[in-house]
Every structure is written in C-alpha cells, then in structure tokens.
Amino acid sequence: MILIYAIGGDETRDKNAETEKLLAEISRGNASAMGALYDLIKTDVFAYALSRTGNKADAEDVMQNVFLQIYRNATRYVPEGKPMAWIFTIEINLIRRYFRIKRRTTALDEKAADYAAAANPETTAVDNAFLRELLKTLTEEEREIIVLHVVSGLKHREIAKLLEKPLSTVLSKYNRALGKLQAVVKERR
Amino acid sequence: MKTRLKNEIADAFREETPDLRDKIIKACENEPQLAAPAATPVRKAKTHGKAVIRRFIAVAACAVLFVAGLLTGKAIPEPVPTASADTFLYLDVNPSIELSLDGNRTVLSCEAENADAETVLVGLELEGVKLKTALSAIVGAMYVKGYLSENDNSMLISVDTSSPDGAAGFLQTVTEQVKEVFDNSSMECSIIAQSVRADESLIKRAADNGISVGKMYLLDKMVSAIDELSDADLPELSGMSIKDLNLLYTLKPEKGDSPDGEVISGKVNGYVTTEQAYAAVLEQLGKTENDVAYHSVYTIPYKQGEFKVMYSVTVKLKGDDKIYVFEVDCKTGRVTDDVSYERPPQNGGDGKHDIPPFPDGEMK
C-alpha cells in the first residue's frame, strides 16, 4: 500500500521532521535515538492501538511490536517527509495481524466466543474515566478517526488516505463521534 | 466547546499511555535490523541460446498467468462474507502470502505477510476465486515482479486445516497444483511442503520474528531436529531464504523427525552439487577417482558469524592410512578446510568400513 501523506500544521510538520531525523539515526544503529523516538511518538502509537483494540493490555502489546518493527525496518524507510504515515502503516498491519490471531484462534479452536468480546470496552483496564467512556461510546471506526485527528494531528483528508475511506465518510464519522462525546461530557457534568 | 473537548481527549490518551520505554529499548537491543533492500530484484544479466527461448516461454506464460489473475480478480464480485475459513495456506519464497480457504477451496482472503508480498499482490484481487487460479496468478506475479526465475526457485508450502478431508491429502493436492503451474511455465522449483497446526503461540512467535506461520513452523522443526541449531539462532534463520533453508533442511530427515504429511520434492538448484564438491576435493588432493578407496559427502550447517551450509567431504585414499576431511562451501564450491588425521586403530576388518564417526547428516 502506498500512502500519500500531506503534512499538516506546524506541530505535525515538526514531528515529521524530527521523526525522520531519528529514523535515520536508528537505521545507523544509534540505540539512544530509539529512546528519543519513543518519547516523541509514544502517545500516537498507543492511542491508535487502544482505539482499535479497545483493550489496554493488547494495545500495549501492539505498541511494543510497533516500536520493534520500526527498529527492525528503519533501514528500509525511504525519507520522503512522511515518517508518521510509514509508522501508522506498520501499526495498521500489526493490528490487522492482531485481529487475525484473534479470529484464527477462535476458528481453529472452534470456540463459540466471538473475538470481538475480547475487545469489548467493558473488559478493558483503562484507568482514565473519560477514556473508558470514550471507548464504550464510540465505534472502533469512530475512535480511530478521533485519535488520528485529535491526538496525532492528521488532517481529515490525510486520515481518509491512510484508512482508504472517502473524505465525506471520515468527516461525518468524526462529527458524529464528537457529538456523542459532547453528550457524554454534558451528562457527566 | 470543541477545542476543550479535543484537549480533554488528547490529555486522556496522554495520561493513559504506559511507560514501556526501558522495556522497548531493551527488546530492541536483541532485535536484528534488516538490511536495506536492493532497489530492484536482481535478475540474471546474460542469457543465451536455449536459455533465451526458455526464458521467453517462462515470461510469456507468467505474464499470461499474471494478467489472468488481474482479470479474474476483477471479474468476480466480492465473496459473501458468511463462509468461514477451514484452511489456511501459507506460501513462502521470500514474499510470504497467507490464503484462507473455505471447504470448496475458494479463496476467502489473501494477505501479504511482508513487504515483498505486498508488491506481489498489487492489483490481484483473489478473494472468491478458486485456489488453482489463485496459485497461478500468484506464481505469475512473483515471476513478473522478479521474485522467481526460470530454474532457481524454492517454495515453502504450509497447510493448516481443520477440514475433515485431512491435511495430508490437501497438502499433496496443493503441491501438485503448484508443480503444475511451474511445469506449465517451463520453470523449475524445489518445494518443501508441510502440514502445520498453528496455535496462538506459533502465530505470535511468527509475528515477533517477522515471518510467516509456515516458516516459523519449519524453523521450529529444524531447531528441534538439528543438533547444531538452537532457539538463539532463530533471528538469523528467519532471515535466510527458503532456498538456503531448503538446503539446510536436507540435514533433517536423518534425525527421523518428520512432521505429519511432509513432502519434499524437487532438487535445490543454484548450489554446488555433492559431485562437484567431491571433484573439488580430489583436485585439491591432486588425485583422481581411481586413487580413492572410499569417500562420503555430508551436508552440515556451519556457523561462523553467519550460517552457511557446507559439505563435509571425507576421503580415504588407497594405500594411505590417513583420512582426509574437507569442508566445501555449498554456494561457492570453495574448499575451505582440510582436517586430515591418522586412521583409527583397526578392528581386524578389511578397512572398507573402518570410517571415523561421522556427523549426523545425509550421506550422498
């Protein structure tokens, strides 16, 4: 999959530039650059994983694997000013694999339990109360769009390209999700 | 209101993010980095005479398969996603591809397991097509995109099925279908075929090592069957091509630990043969076949920095009490070592069977 990733605002641009610099260092075997990269993008990686899996323990597993894959494949990154697109592509593939494992384990073991139950927000061990509400209230698709826009600063058209969805779908799901969350906040207050 | 809400969302995720920094950095320390890929897959520079004709046939056949794959995929609508997969088929060359199939051997999904496989699958929409058609399209695409050549290929086929028909029969069928595709394209391929039973642990370990479930299963089998290999070698073994593993795999049958339904077919091309290795040793000794009382050739794994597959060539010359043991690099044919030693004490025999204790391996 080839992703076209337009650079967003200044913050996103800075993050892309810094990430690209660190990837170059990592590809040269500079281990300390890995720590700096972790500090820079840890929330982006974790938030996206949590939005998809809905389960904190699994999100941590995905997060760890994403960083390992980044380290392992850093030599293969072609600098084009789009490192976050490359990283999210790695993460999306790992999450796809995560769901495949869930699905396969269920199929091969002939267990009746639906793998989706494992990702049920009710079963997560998320500490933050607002986050628990968010995970429970929004669909997986709404969560990933919210995270990519609000946490990672991607523009809607960038999200549309990344997720291979029409821009109109992304926009409507984003607005619907925000509306749901506003209702949650109002109710809480 | 919206800005406040967005800040609250971002803060919530930030607070929840666990601190895995040390754990990840430590894990990275043990993680090998992949080599930067070549810009384009390497093809042979020169072909002459019959080779040109042969190549033309292969190119033409594969181009047809590839285009047929594209057309077939587009002509058939998306499958109704109600069928459940009872079989998973893994194809490894270096591109690693996973197919899930229903009971009618129709492809339900086709997943790229690595970047090379993503390249192979660009433009192919195989969901809903019959397995045989899918195999043709995949082999065609692999050839067209430079991952297969006319005569120097190895493929690992792994089947994981809960089908009542059983794994062995299906494995045989798939292997024959793949061979047929290669034969029809005038291409040669050495095939390792195995049935696997993938549990969650195997799938996870495959993901951790960045390889397919089939390759992981094969490596596990090799590590358990070959004394010289251990779990510590898995990262390095993971990076080896199926072709190199195929040669290393020849060590395995002597250990008497064959997985269920295993089929090995075809010969491994692109390497020095045992006969050539023996000839190189004779040349090194300055002797001919007539001077030899006895010889043997074993395949051995050899680790010095990286894994190599070597031939250990043992020669006993007529009228000479010494036993000569050489090691020959399977890739280059270079004679790399010479350990000659005195013949051990005789047991009153005629000398023909008084050979030193050989390492376990396949006798040629």
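A salt bridge here is a side-chain nitrogen of Lys or Arg within 4 Å of a carboxyl oxygen of Asp or Glu. By this rule, A:D39 forms a salt bridge with B:R21, with the closest N and O atoms 2.9 Å apart. The pair crosses between chains, from helix α2 of chain A to helix α2 (residues 21-29) of chain B. Helices (H or I, at least four residues) and strands (E, at least two) are DSSP runs, numbered from the N terminus.

This is a predicted model, in which local features need pLDDT of at least 70 and side-chain atom pairs count only at pLDDT 80 or more, while totals for chains, interfaces and linings use all residues. Residues are numbered from 1 along each chain as its sequence is written, chains are lettered from A in the order in which they are written, and side-chain values use heavy atoms, with hydrogens and water left out.

## The two chains

Chain A has eight helices and zero strands. From the N terminus on, its elements run α-α-α-α-α-α-α-α. Chain B has eleven helices and ten strands.

Burial is set by relative accessible area: buried means under 20%, exposed over 50%, and partly exposed in between (1.4 Å probe, protein chains only). Of the 189 residues of chain A, 54% count as buried. Of the 364 residues of chain B, 49% count as buried.

Contact means heavy atoms within 4.5 Å. Among contacts in chain A between residues at least 6 apart in sequence, 65% join residues at least 24 apart. In chain B, residues 24 or more positions apart account for 58% of the contacts with a separation of 6 or more.

## The interface

How many residues of each chain take part? In chain A, 57 residues are in contact with 45 residues of chain B. The area buried between the chains is about 5,000 Å², and carbon and sulfur atoms give 59% of that area. Buried area is the accessible area (1.4 Å probe) that two parts lose on being put together, summed over both.

The rule finds two salt bridges across the interface of chain A and chain B. One of them joins B:R21 and A:D39. Both ends of this bridge keep some accessibility. A:D39 is partly exposed, with a relative accessible area of 38%. B:R21 is also partly exposed, at 27%.

The elements giving two or more residues to the side of chain A that touches chain B include α1 (10-27), α2 (31-53), α3 (56-73) and α4 (83-109) of chain A. Which element gives the most to this side? It is α3(A), with twelve residues. By class, this side of chain A has 28 nonpolar, 15 polar and 14 charged residues. Ala, Val, Leu, Ile, Met, Phe, Trp, Tyr, Cys and Pro count as nonpolar, Asp, Glu, Lys and Arg as charged, and the others, Gly among them, as polar.

## Salt bridges

Over all chains, the count comes to 16 salt bridges.

| Pair | N to O distance |
|---|---|
| A:D39 and B:R21 | 2.9 Å |
| A:E144 and A:R52 | 3.7 Å |
| B:D11 and B:R14 | 2.9 Å |

B:D11 and B:R14 both lie in helix α1 (residues 2-16) of chain B, three residues apart, about one turn of the helix. B:D11 is partly exposed at 35% relative accessibility. B:R14 is partly exposed too, with a relative accessible area of 48%. Elsewhere, salt bridges that share partners join A:R52, A:E140 and A:E144 into one network.

Helix α8 of chain B (residues 213-225) has 13 residues. The expected span of a helix is 1.5 Å times one less than its number of residues. For α8(B) that gives 18 Å, and the end C-alpha atoms are 18 Å apart, which agrees. Eleven of the 13 residues are buried, so α8(B) is largely enclosed by the rest of the structure. Among the buried residues are B:V213, B:K215, B:Y217, B:K221 and B:A225.

B:S149 sits in the loop between α5 (131-144) and β4 (153-161) of chain B. Is B:S149 buried or exposed? B:S149 is buried, with a relative accessible area of 19%. Leaving aside neighbours within four places in sequence, B:S149 is in contact with B:Y143 and B:M187.
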